[in-house]
Amino acid sequence: MRFQNRRLASLAAVTMVASLALTACGGDDESGSSSDGGGGGTTVTFIPKNLGNPYFDTSNAGGKKAVEEFGGKYEEVGPAEGSPDGQVTYINTATQQGRNALVISANDPDALCDAIGEARDADIKVVTYDADTNPDCRDLFINQADSAGIAKVQVEMIAEQIGDAGEVAFLSAAANATNQNEWIGLMEDEIAANHPDIKVVDTVYGDDDDQTSFDRTAALLQSHPNLKGIISPTTVGIAAAARYLSTSDAKGKVALTGLGTPNQMREYVEDGTVTEFALWNPGDLGYLAAFAAKALVDGDIEGEGDTFTAGDLGEFTVGADNTVLLGEPFRFNADNIADFDF
Amino acid sequence: MSTLIDHSDAQAQAPRSYAAYSRPFWQRVVLSREFAVVALLIAAIVYSRSQVDYFDGPQTMYYLFRDSASILLLALPMTAIIITGEIDLSVASTVGLTSVAFGMLHSDAGFSITVAALLAILIGAVCGAFNGFLVAYVGLPSIAVTIGTMALFRGIAAGLLGTESRTDFPDSWTDLAKERIFEDQPYPMILIPFVVLAIAFALLLHFSPFGRGVFEIGLNDEAAHFTGVDVARTKAMLFVLAGAVAGFVGIYTTLVTGVARAENSVGLELQVIAAVLLGGVSIFGGKGALHGVIAGVLLIGVIQRAMLLNGQTINIINIVIGVLLVLSVMSTSLLAGARHLVAASKGARTSGRTSDSAGKRSLS
């Protein structure tokens with residue numbers, strides 16, 4: 001190996017300049033990483049699974065309303081796609097900016113824990129909502145409804161709609177979505193235990209993408225000609241499935257239920273494609289999460305048994321595993337859908 | 001002129017034309033594409049330090065290096081591969097596969113963590129060897145082969161671990177992946193293996209006969225073959241190296257996030273290739289230098305971090321980086337065109353290497 005002095009010298013020179021410039025940033029100036037100084041109020045950063053998702057737009061609008069009510073500073077950041085790596089970047093950034101609280105819907109139960117740990121070390125309170133991390137990595141989880149209740153209401157709805165017998169399938173979101181998998185597991189248990197004539201034939205994943213979910217629905221109907229019902233426990237999935245069903249022969253023959261938002265599902269309920277579906281109010285969920293974050297920052301609550309007031313929603317108690325329950329799922333159908341706008 | 005091939009034979013035979021072509025040392029450095037990227041990087045850092053809140057804090061460099069570490073590492077072999085005129089789209093999938101293999105070998109098969117890590121690197125190298133065999137010895141185009149193996153490796157990873165993950169790694173290892181080299185300095189531990197590998201790749205690529213072969217293959221692989229370069233073996237070796245480095249990145253990614261998952265590092269290959277091209281490596285092969293690439297990766301990292309701290313959304317950040325990339329590719333072809341014109345107008349006086357490279361460009 002023969003070294004060429006000039007080239008080596010130029011490489012070395014350039015590397016030195018670059019490393020000097022970089023070291024300069026290293027210094028021991030501890031500026032800026034503490035809180036925002038007086039007068040700004042509580043700074044709360046919402047990190048949804050991904051941006052541009054109508055579900056999180058609604059829930060975070062609730063969060064924003066709450067933060068404005070208690071005079072804090074609201075901010076929403078997040079990845080374009082639902083990936084844990086993307087969320088880690090935003091958690092790190094918020095840590096660096098010294099926010100008071102983070103409200104996160106976790107894309108993975110484990111992958112965020114280290115970044116959240118660093119945030120908590122920097123005295124930032126971390127609340128998860130919609131999808132939880134491992135309980136020991138965050139301060140509080142705001143549960144939209146307990147999983148058993150969500151599973152139960154969906155099984156009840158499909159059983160009513162198909163006469164408690166026949167083949168059903170699940171159209172889920174991403175294959176590693178914590179809450180989806182838990183609900184599907186519980187629904188399978190519930191069906192096996194109490195609905196002997198219902199048979200679960202398939203679970204497909206639409207990745208919370210409209211087109212993918214649409215295509216998966218088409219494939220599902222093709223591969224299971226005797227399918228009686230589809231349960232889609234994701235708002236993107238159920239809307240795409242309804243769109244497919246509404247223009248196919250299966251309309252009215254294959255029942256569709258699950259978790260959806262009234263605005264997305266309105267036309268399919270009105271045209272008879274969908275009879276009934278359920279959800280909590282995501283706006284209330286974000287609203288409650290913001291007030292819980294505020295209560296943590298102020299030191300009003302620390303763990304199980306403590307109570308706090310969440311604006312218009314009233315009083316809540318922190319339950320087991322530092323979880324706060326929003327309430328029972330709500331069923332939307334032709335009789336009541338006109339009353340909602342979200 | 002920014003090709004780094006040593007044409008000592010040409011120099012001996014035609015000293016006059018070579019001298020007419022070459023410029024003083026400082027001019028060659030200052031006018032090089034790599035220098036422009038380094039200058040941009042320094043400008044971006046200086047600007048961000050003074051204009052972006054929180055950028056001038058101790059954590060910025062830590063997160064910058066930690067977030068860029070995978071791209072920095074993967075960019076090393078990718079630079080060499082692109083210089084030969086090939087490409088490897090499967091590196092991120094290899095990262096996913098080795099992450100899964102590492103987790104399963106440790107958690108399910110009960111291997112010690114050290115053995116699991118070594119086996120993961122070996123699996124990465126085998127993935128690379130598979131690519132290398134198909135590209136170098138079967139003679140298939142690398143873009144087709146690695147699009148295939150990109151899906152294949154990711155598919156195997158998903159098949160092995162499905163939607164599950166493995167998280168039971170010893171704290172000593174996961175902490176090591178996140179630790180800083182010096183307690184009061186912002187440099188994460190991963191910089192040590194990176195610097196070692198970067199020096200190794202720099203020596204291999206810029207200061208060894210093997211490296212000269214790499215550049216020659218990129219300019220004209222038939223000519224390289226006739227000058228005694230073992231084209232197939234060189235290409236195959238680069239793919240094996242890329243696979244082994246991807247294996248190492250798979251382990252690092254697993255430890256730094258604490259999770260072995262099939263979806264780890266999805267889409268990373270495009271960020272690596274983008275950074276390599278921004279760093280001045282020609283997608284047509286034959287041209288590029290590692291310090292430019294490293295500056296390119298860090299430039300993207302600094303811009304991302306500064307914009308994140310400034311509260312920009314990821315879509316805006318992607319637009320800015322996308323525009324930067326398009327401009328950088330455009331500037332290369334515009335410069336090449338300008339040089340071509342200059343060379344043509346100068347005519348026979350500077351025949352030597354200028355017409356040589358111009359001729360090659362029109363071939364490619």
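1. Among contacts in chain B (contact meaning heavy atoms within 4.5 Å) between residues at least 6 apart in sequence, 76% join residues at least 24 apart. This is a predicted model, in which local features need pLDDT of at least 70 and side-chain atom pairs count only at pLDDT 80 or more, while totals for chains, interfaces and linings use all residues. Residues are numbered from 1 along each chain as its sequence is written, chains are lettered from A and ligands numbered from 1 in the order in which they are written, and side-chain values use heavy atoms, with hydrogens and water left out.

2. Chain B contains 17 helices and zero strands, where helices (H or I, at least four residues) and strands (E, at least two) are DSSP runs numbered from the N terminus. Of its 364 residues, 52% count as buried, that is, under 20% relative accessible area, against over 50% for exposed and in between for partly exposed, with a 1.4 Å probe and protein chains only. The accessible surface of chain B, computed by the Shrake-Rupley method with a 1.4 Å probe, comes to about 15,600 Å², and 66% of this belongs to carbon and sulfur atoms.

3. Helix 15 of chain B (residues 290–309) has 20 residues and reaches 29 Å from its first C-alpha to its last, close to the expected 28 Å, which is 1.5 Å times one less than the number of residues. Because 18 of its 20 residues are buried, helix 15 of chain B is largely enclosed by the rest of the structure. After this helix comes G311(B), with a positive phi near 85°.

4. In chain A, all five residues of strand 1 (residues 43–47) are buried, with T43(A), T45(A) and I47(A) on one side and V44(A) and F46(A) on the other. Strand 1 runs parallel to strand 2 (residues 73–76) of chain A, joined by four bridges, pairing being assigned if DSSP finds at least two bridges; T45(A) has E75(A) as its bridge partner there. Four bridges also pair strand 1 in the parallel sense with strand 3 (residues 101–104) of chain A, where the partner of V44(A) is A101(A).
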